Amino acid sequence: MDFQLTEEQQMLQDTVARLVRDSYGFEQREQFYRSEAGFSRAFWQQLGELGLTGVPFAEAHGGFGGSGVDSLLIMTELGRGLCLEPYLQSQIHAGGLLQQLGGAEQRKRLLPVVIAGELQLAVALEEPQSHYHLHHVQTRAVRVEGGWELCGRKAVVIGGHSAGLLLVSARTHGEARDEQGISLFLVDARASGLSRRVYPTIDGPKACELYLDRVLVGDGDLLGEPGQALPALRYQQGRAIAAQCAEAIGSMEEACRLTLDYLKTRQQFGTPIGKFQALQHRMVDMRTELELATPMAILAACVADEADSEERSRRLAAAKFIIVHAGRFIAEQAIQLHGGIGMTWEYSLAHHAKRLVMLGHQLGDDDHHLEAYAQLLKTA
Amino acid sequence: MDINYTAEEFAFRDQVRAFLSAELPADIAERVRLGKHLGKEDHLRWQRLLNARGWYAANWPVEFGGTGWSVVQKHIFEEECAAFGAPRLISFGVNMVAPVIIKFGTPEQKARYLPRILDGRDWWCQGYSEPGAGSDLASLKTRAVRDGDHYVVSGQKTWTTLGQHANRIFCLVRTDPAAQPQRGISFLLIDMSTPGIGVRPIITLDGEHEVNEVFFDNVRVPVANRVGEENQGWTCAKYLLTHERTGQAGIGPSKAALAHLKQVAAREGRLDDPLLRAQIAEVEMQLMAIEVSTLRILAAAQAGGVPGAESSILKIKGSEIRQAISHLLRKVVGPYALPFLEEELSPAFAGAPLHADYSAGPASQYFNLRKLSIYGGSNEIQKNIVSKMILDL
């Protein structure tokens, strides 16, 4: 057992932490949020220049060959800064799918620009009726001369508004909930028949609905074998979950830090409110949740890149479950211990709280992962 | 970063498993698994087997008969013992008073007491709590008045676990009533057969005789039985409490209890119930979290770090999880949690159970385990510790 970071990992963590500290003050974030992109293109470019956009990619494809722990370090710092850039969606989730399912030609054509941060990706897997189930796919892809024709709607695609290329799951055969028959396609954001309705999400990043009305893609835009995408979708969702858990840890640490500071400085009844035992115990409860969430994020990071197995699935489901619970608890208590100021838009704590609650609405909520874990429960 | 044991640690685990398969008496393991009562002889049998292998005093330095194991090895050992259904060691002698004697005792005290702990000749109990001193331990009132080469001890101790089996008791006594509460306390080793000591059972809500009151009426204790300096007993007490708290996450016992819960659920035909499965899944995931958390702390300790108030956090969570498992087990047996069949829980019971071999234990055990969040510093006291030590509030 070894929970220490290597020297290289320490440097990676310092680099990202410094970058976030220097260019992601809360007021700056507010400007990024109000901008058309909804995030900082300059910051994204910096991530690319420093090679950070290439960390999760294999060296064979020109990436940095980073481990799950390297992604954890990056995501934790991005979480601490409430960063709005679609790093998780583009570099980890979509990038992972492209790397896993893409053919030699697709990888050669796309990975270098993705790794450099020049082409942003998004994953469009959710549908209005699917509620986190990756195999509930009604979007259809029909074989046509030289390619496929896609019809359907994809829901709440985070970062989909700014992506140049979207990874869209669609059914090439079977019924709406069959596990077989799901394929993954590369869809150009400018494709004819594709329309987007863009909106902000309540915790900051922008997202969109994706409407596909007879969108034509070529043979070269199918990722992997037709109808066989589900295992890869599930595997890569596991990697995305690990990254999301790490991001949540950054937010939780910051929410706990801000709350503890507040308890020590806010005076009422002639004394810092942190002198009251009811509030002390609440703060201990928050810290306890963090103390359990952190090792689960580490566990998730360590198994994220392992070969697929039931044990990996169990651990990732458990990590997400524990972190959704801890996140909600810390968010609610952090607001409560701050009182009114915790409810204001102008204070970063409120935005951490929103991020921590809303992480349950992406890549599966606590019930979803509880059910997944319960199904995999080892009973003998 | 690597969350797995090393090859050497896996090899050690195999060694422990081989020992447990060969040596742990099946009847004792079954009583532990089913939540039945253990007799004094059950505990002593297991201690003797461990001692014969040289593994009883795992926490002691090698020179006194300990193992010299790393913190990770100790963790593996405890976890495997629990998984195989070994009884939890009665810690008062081997893991509480012994470390204090090793740290603060005289050479004579070490030579006299340590071998007798190892071979089971001495059964120690703990004289800490008093009717008026629970969480506020330093307010204890039992007096020890110097009279030549002796202290004369008068007062009352309570919640003395398994005091009915003990021939020795270690006590915190007040030697200077004028000093500040923590300053006037001394640590005494007392022979239970000394005239003036009386033991009275306290029957707990599950009907069990596990704890006692111990009365001291002008009990003469040689000054040579004091550990550490006079009025410095609080130092010993604090040192002992840090020993008491480590390992209290109780990961091994909780894992074993969870495995038993699944078996009972299967035998009751309840494993297809999605609601129950979800509840079992939830507690299993929480257990996974405190396990990885524990491993993280162990790895830090292995690297030379000193475990701090994190152990308080683990004690809080660990006790809550163990209690949650006992709650589920009680629910799984349904109406058969109601019959109060003490005879079925006794070590001597050999008859046919009313319902099943597992059904008499769960409700009693559920009530018995309420103690987990009370003893060793209640969970609220643990929160005070975390608040002070980690949060600096």
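Mentor: Chain B is assigned domain 1 (7-89), domain 2 (122-232) and domain 3 (246-389). Keep in mind that this is a predicted model.

Trainee: How far apart are the C-alpha centres of domain 1 and domain 2 of chain B?
Mentor: Those two centres lie 30 Å apart.

Trainee: And what does UniProt list for residues 6-120 of chain B?
Mentor: An unreviewed UniProt entry lists that stretch as "domain: Acyl-CoA dehydrogenase/oxidase N-terminal". Over residues 6-120 of chain B, the chain is 69% helix and 0% strand. The C-alpha atoms at the ends of the stretch are 34 Å apart.

Trainee: What about residues 122-215 of chain A?
Mentor: For those, the unreviewed UniProt entry gives "domain: Acyl-CoA oxidase/dehydrogenase middle". Here the chain is 0% helix and 54% strand, and the end C-alpha atoms of residues 122-215 of chain A are 17 Å apart.

Trainee: New topic. How many residues of chain B are in contact with chain A?
Mentor: 34 residues of chain B are in contact with 30 residues of chain A. On the chain B side, the elements giving two or more residues are helix 8 (251-267), helix 9 (274-302), helix 10 (310-332) and helix 13 (379-389).

Trainee: Which of those gives the largest share?
Mentor: Helix 9 of chain B, with 15 residues. By class, the side of chain B that touches chain A has 23 nonpolar, 3 polar and 8 charged residues.

Trainee: OK, so at what angle does helix 9 of chain B pack with helix 9 of chain A?
Mentor: The angle is about 90°, and the axes of the two helices are 10 Å apart. Helix 9 of chain A covers residues 310-338. The two helices are therefore roughly perpendicular to each other.

Trainee: Which residues meet there?
Mentor: From helix 9 of chain A you have A:A318, A:F321 and A:I322, and they meet B:M285, B:M288 and B:A289 in helix 9 of chain B. By class, that contact has 6 nonpolar residues, no polar ones and no charged ones.

Trainee: Is A:L82 buried or exposed?
Mentor: A:L82 is buried, because 24 other C-beta atoms lie within 10 Å, and 20 or more is the cut-off for buried.

Trainee: What about A:F269, where does that one lie?
Mentor: A:F269 is in the loop between strand 9 (267-268) and strand 10 (271-272) of chain A. Its phi is also positive, near 55°. But A:F269 counts as exposed, because it has 8 C-beta neighbours inside 10 Å.

Trainee: Last one: which helix is A:Y262 in?
Mentor: A:Y262 is in helix 7 (residues 230-265) of chain A. With 22 C-beta neighbours inside 10 Å, A:Y262 counts as buried.

Trainee: And what is A:Y262 in contact with, leaving aside its neighbours within four places in sequence?
Mentor: A:L337 and A:H338. Compare A:A229: A:Y262 and A:A229 are 33 residues apart in sequence, and 49 Å apart in space, C-alpha to C-alpha.

How values were computed. Residues numbered from 1 in each chain as written. Chains lettered and ligands numbered in written order. Predicted model: local features only at pLDDT ≥ 70, side-chain atom pairs only at ≥ 80, totals over all residues. Contact = placed C-beta atoms within 7 Å. Helix = DSSP H or I, 4+ residues; strand = E, 2+ residues; numbered from the N terminus. Nonpolar A, V, L, I, M, F, W, Y, C, P; charged D, E, K, R; others polar. UniProt positions renumbered as here; feature names shortened; annotations may be inferred. Axes fitted to C-alpha atoms, helices over the stretch in contact; angles between N-to-C directions. Parallel < 35°, antiparallel > 145°, perpendicular 65-115°, else oblique. Buried ≥ 20, exposed ≤ 12 C-beta atoms within 10 Å, placed from the backbone. Domains from an automatic or database assignment.
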